[in-house]
Amino acid sequence: MVFFFSKRAETKKKDIPKDDYDEVVMLFKRCDVNKDGKLSWEEVKAGFRKLQSRFPLYRTHRAFQMADENHDGFINIDDELDKLVTYALECYPRNIKLRLI
């Protein structure tokens, strides 16, 4: 039997354009509707919906596997947002600007 995603995959920063990175950071910061400094499951899913993801539930699940280091069910904006944004930009490498229109 094959188990997909059994190990936690590590994202590496590749050649990510600075302006795309900043736009996605601002997008996820705007998704923090209760301004508590943490992104909940629904807030991250809303961010992927704003990126026009065809599979926002799957993307959210993978984002939490990648970015939620302390497994508290939230992505801390100060510490873990970098990994979330890196994952989002790896999912949509060349068309962030078109998705945010």
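Predicted model: local features only at pLDDT ≥ 70, side-chain atom pairs only at ≥ 80, totals over all residues.
Q: Is Glu-80 buried or exposed, and what is its relative accessible area?
A: Glu-80 sits in the loop between β2 (75-76) and α4 (81-91). Buried means under 20% relative accessible area. Glu-80 falls under that cut-off, so it counts as buried, with a relative accessible area of 4%.

Q: Which residues does Glu-80 touch, not counting residues up to four places away in sequence?
A: Glu-80 is in a loop, and it is buried. Leaving out residues up to four places away in sequence, the residues that Glu-80 touches are Ala-67, Asp-68, Glu-69, Asn-70, Phe-74 and Ile-75.

Q: Which residue lies over the face of Phe-74?
A: Phe-74 is one of the residues that Glu-80 touches. Over the face of the Phe-74 ring, at 4.6 Å from the ring centre, lies Lys-38.

Q: Are the rings of Phe-48 and Tyr-87 stacked or edge-to-face?
A: The structure holds 3 aromatic pairs. In one of them, the rings of Phe-48 and Tyr-87 have their centres 6.2 Å apart and their planes at 75°. Planes over 60 degrees apart count as edge-to-face, so the pair of Phe-48 and Tyr-87 is edge-to-face.

Q: How many residues apart are Phe-48 and Tyr-87?
A: Phe-48 belongs to helix α2 (residues 41-50), while Tyr-87 belongs to helix α4. Both residues are buried, and ring pairs also link them with Phe-28 into a cluster. The Phe-48 and Tyr-87 pair links distant parts of the chain, 39 residues apart.

Q: Which element gives the most to the largest nonpolar core?
A: This core has 23 residues, and those with the most contacts inside it include Phe-28, Phe-48 and Leu-84. The elements that give two or more residues to the core are α1 (18-30), α2, α3 (56-67) and α4. With 7 residues, the element that gives the most is α4.

Q: Which residues does Leu-84 touch, not counting residues up to four places away in sequence?
A: Leu-84 is among the residues with the most contacts inside the largest nonpolar core. Beyond the excluded sequence neighbours, the residues that Leu-84 touches are Phe-28, Leu-39, Val-44, Phe-48, Ala-63, Ala-67 and Ile-75.

Q: How far apart in space are Cys-31 and Phe-48, C-alpha to C-alpha?
A: Cys-31 lies in the loop between α1 and β1 (38-39), and it is buried, with a relative accessible area of 4%. Its contacts include Leu-39, Ala-46 and Gly-47. Cys-31 and Phe-48 are 17 residues apart in sequence, and their C-alpha to C-alpha separation in space is 9.9 Å.

Key:
Residues numbered from 1 in each chain as written. Heavy atoms only, no water. Helix = DSSP H or I, 4+ residues; strand = E, 2+ residues; numbered from the N terminus. Buried < 20%, exposed > 50% of the residue type's maximum accessible area, 1.4 Å probe, protein only. Contact = heavy atoms within 4.5 Å. Phe/Tyr/Trp six-rings, centres within 6.5 Å; stacked < 30°, edge-to-face > 60°. Lys NZ or Arg CZ within 6 Å of the ring centre and 35° of its normal. Core = buried A, V, L, I, M, F, W, Y, C linked by side-chain atoms within 4.5 Å.
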